[in-house]
Structures are given as structure tokens and as C-alpha cells.
Amino acid sequence: MTAPEAHEPPGIPDLRVISASLEVIEAEAANRLEAASDVDSFRAAEREVLGKRSELARMNTRLGQLDPDDRRQAGALINAARGRLDDLARSLGELLEAKGRRARIDAERLDLTEVVVGPPSAPLATVGRRLGHINLVTQTRDELEDTFVAMGFSVAEGPEAETDWYNFEALNMPPAHPARGMWDTLYLRLGEPETVLLRTHTSPVQIRLMESHRLPIYAVMPGRCYRRDTPDARHLPVFHQIEGLVVDKGISFGDMAGVIESFTTAFFGPGIHSRLRPSYFPFTEPSAEFEVTCPICGGSGCRTCSGSGWIELGGCGMVDPNVFAAVGIDSEVYSGFAFGFGIDRLAQVRAQLSDMRALLDNDVRFLTQF
């Protein structure tokens with residue numbers, strides 16, 4: 001009869017046993033964390049698998065029964081497993097918290113287009129009452145986005161408070177550059193470590209896109225901008241812009257002109273066309289202003305277009321090589337163009353408003369017309 005093999009006394013753990021147990025504990029703990037559907041259930045699971053009374057914590061109490069070498073190795077295995085579970089818990093917790101925030105925002109959001117205004121009228125409570133609706137500027141922005149998306153562009157957004165680098169320097173306007181005078185505006189913080197201001201155009205989003213997105217880029221960037229302008233019939237200190245950016249191989253000035261013409265006829269109708277005339281912008285070279293046929297007179301000349309038959313809509317041009325250099329794009333390989341115009345100005349032209357300030361007056365008699 002063969003003698004039985006020697007085994008460790010009962011209750012004395014083996015390093016291989018601890019390693020195998022850790023694999024099971026880690027897998028079960030990960031499944032428990034991933035199964036949580038909200039923040040509360042996740043926090044409960046986190047306490048259960050990583051707390052002082054967890055299986056992982058109990059593994060530490062068994063280390064004293066091992067010899068020094070095995071104890072060091074087992075301790076390293078336990079710490080590695082805890083580290084992986086900590087990383088998983090951190091990432092899952094952030095995702096669930098973000099999901100919860102989005103759910104709260106959606107639940108608490110007030111859609112003013114659903115608000116009923118005006119006194120109720122008997123016998124039917126809804127008679128004589130009106131629903132709210134989207135502002136003319138927002139309507140115009142939505143139509144612009146739809147038009148460009150149909151042309152193959154994506155839509156991008158960026159922060160309204162920008163650093164000096166994104167708003168000026170990366171756009172080929174270093175400190176003391178004369179072109180800054182056109183946009184010297186509302187600063188939130190001056191000096192070190194970084195000057196911060198309310199963005200004067202949506203062009204900083206172009207820089208952010210070129211920094212973070214793979215090429216090629218075909219995108220438009222709508223948003224609110226700020227300048228220290230005196231309000232008048234055609235200018236507001238708080239206004240909205242939409243800019244477009246195309247970066248790819250073999251892009252030419254002719255491509256830009258074709259895109260602008262395609263947009264013009266798609267948005268205004270087949271009777272409205274565009275034309276370009278030379279201009280200057282520090283972030284494009286060559287640069288141009290683009291004008292569209294006056295939609296009020298159809299190009300025959302009127303007071304709105306000063307008798308020229310054309311209305312200036314915005315600016316455009318080929319992206320300057322210095323801008324590409326600021327974001328690490330090789331201008332010998334890639335080229336591109338950018339264009340931009342005011343959404344408020346476009347809303348004014350389409351609605352034939354004599355004074356842009358009417359967009360901000362909150363006069364219900366005006367707002368209900370659109």
C-alpha cells in the first residue's frame with residue numbers, strides 16, 4: 001500500500017491556494033460592481049467587495065500563517081487585485097454619476113416651448129391660450145445645423161470662456177498683434193498662469209478640433225460669442241456665430257467657394273447666390289469676405305443692401321500654415337479652409353428686421369411672429 005503524500009496541516013494556507021482564491025474573489029467582485037445600475041447600489045457593492053469586511057480584506061488575515069517569502073508574494077498579489085478593483089470602481093462610479101446627472105437634468109429641464117401662457121378662457125381652458133416656441137435665433141441655428149449636416153458636416157461645440165492661447169495665439173495672433181484690436185474684449189482673468197476671456201468668436205473650437213480629432217475634419221461650430229460692442233441696428237455685444245472647418249489632403253480655394261455656394265442656395269433658395277471679395281483675417285491666407293444676393297430685393301438694389309444687390313454675410317479663407325503649426329498639422333501634407341458668419345445677422349436678413357436689438361427685447365408681440 002502506497003503511503004499518502006505529505007500535505008500542509010489543515011488551516012495553513014498555501015500560496016497557490018491564495019492565488020486561486022484571489023482570482024475567484026476578483027472576478028466575483030468585478031461582476032458585482034458591474035451589475036450595479038445606479039449610484040446607490042454601486043456604493044453598496046463597493047463597500048461589500050472593497051470594505052473592511054470584504055473577502056479581499058479577509059485574505060490579509062491569512063498572510064500571517066505563511067512563511068516570509070510566500071507572505072511577500074501573497075501580499076503583492078492581494079495589493080495588485082485591490083488596485084485593479086479600485087481602478088474599475090473609480091471608472092464605473094464616474095460613469096454612473098454622470099448618468100445620474102444627465103437623468104436629473106432631463107427630469108428637471110423646463111421646456112419653455114411647452115409652457116402655456118395667457119389667461120384661461122371658459123368653458124374650454126385651452127381656448128385663447130398659447131404655447132411658447134423657440135426663439136428666432138435658435139430656429140435659425142437649428143436650420144443651419146440641419147443644412148450643414150445634410151452636406152456632410154458634423155457639429156462641434158466648445159467652452160464660452162477661453163484662454164488667450166485658444167482665442168488668439170493659436171489663431172496666429174501673438175501678444176501685441178494689431179489684429180487683436182478688432183477683438184480686444186471682456187476678460188475674466190489677466191496675467192499668469194493664463195489669461196481667460198469670454199470668447200470673441202467660435203474659432204477656438206477649430207483649434208480644439210484640430211488638436212483632438214483625427215484628420216480629415218469636416219465640421220461646423222455654432223455658439224455664443226462676446227465683444228465689447230455698442231448695441232446698434234446691426235451689432236450686439238452678445239451674439240451667435242457659426243463657423244465651418246475643412247481639413248484634408250488636396251483642399252483648394254475652389255473647394256471653399258463651392259461649399260459656400262452650395263450652402264447659400266440650399267439655405268436661401270436657388271435664386272440666391274454667393275460671391276467672394278478679397279479681405280484680411282489673421283488666421284487665413286488668402287482671405288475673403290463672402291456676400292450673398294440680397295434676399296429682400298433679389299439683387300436689384302435696395303436700402304438694406306445700399307443699392308449694391310449684395311449683403312455681406314461673413315468671412316472665409318484657407319487655413320494659415322501658422323495655425324496648422326500651432327496644432328501640429330503638417331501644412332505640406334494637409335490643407336483646409338474655414339468660414340464663419342453671424343447667426344443673428346442671418347436671422348435679421350431672413351426675417352427682414354430693421355434693428356437686430358429686437359431679437360433681445362423680449363417683446364411678446366415681436367416674438368410670437370416667428
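1. Basis. The model is predicted, and local features need pLDDT of at least 70, side-chain atom pairs count only at pLDDT 80 or more, and totals for chains, interfaces and linings use all residues. Residues are numbered from 1 along each chain as its sequence is written, and side-chain values use heavy atoms, with hydrogens and water left out.

2. Salt bridges overall. The structure holds 14 salt bridges, a salt bridge being a side-chain nitrogen of Lys or Arg within 4 Å of a carboxyl oxygen of Asp or Glu. Side chains of opposite charge can pair when their charged atoms come close.

3. Pairs within helices. Arg90 and Asp87 form a salt bridge, with their closest N and O atoms 2.9 Å apart. They are three residues apart in helix H4, so about one helical turn separates them. Helices (H or I, at least four residues) and strands (E, at least two) are DSSP runs, numbered from the N terminus. Arg90 is partly exposed at 48% relative accessible area, and Asp87 is partly exposed at 46%. Here buried means under 20% relative accessible area, exposed over 50%, and partly exposed in between (1.4 Å probe, protein chains only). In helix H5 (residues 136-150), Glu145 and Arg141 are four residues apart, again about one helical turn. Their salt bridge has its closest N and O atoms 3.0 Å apart, and both residues are buried.

4. A pair across the sequence. Arg224 and Glu160 meet in a salt bridge (3.0 Å, N to O). Because Arg224 lies in strand S7 (residues 217-226) and Glu160 in the loop between strand S3 (154-155) and strand S4 (161-163), the pair ties together parts that are 64 residues apart in sequence. Arg224 is partly exposed at 34%, as is Glu160 at 27%.

5. A network. Salt bridges that share partners join Arg275, Arg277, Glu291 and Glu312 into one network.

6. Cysteines. The structure holds zero disulfides, a disulfide being a pair of cysteine sulfur atoms within 2.5 Å. Cys294 is in no disulfide; the nearest cysteine sulfur, that of Cys297, is 3.6 Å away. Cys294 is buried, at 0% relative accessibility. Cys225 is buried, with a relative accessible area of 0%.

7. A loop residue. Ser252 is found in the loop between strand S8 (238-248) and helix H8 (253-268), and is partly exposed at 32%. Ser252 and Gly317 are 65 residues apart in sequence and 10.0 Å apart in space, C-alpha to C-alpha.
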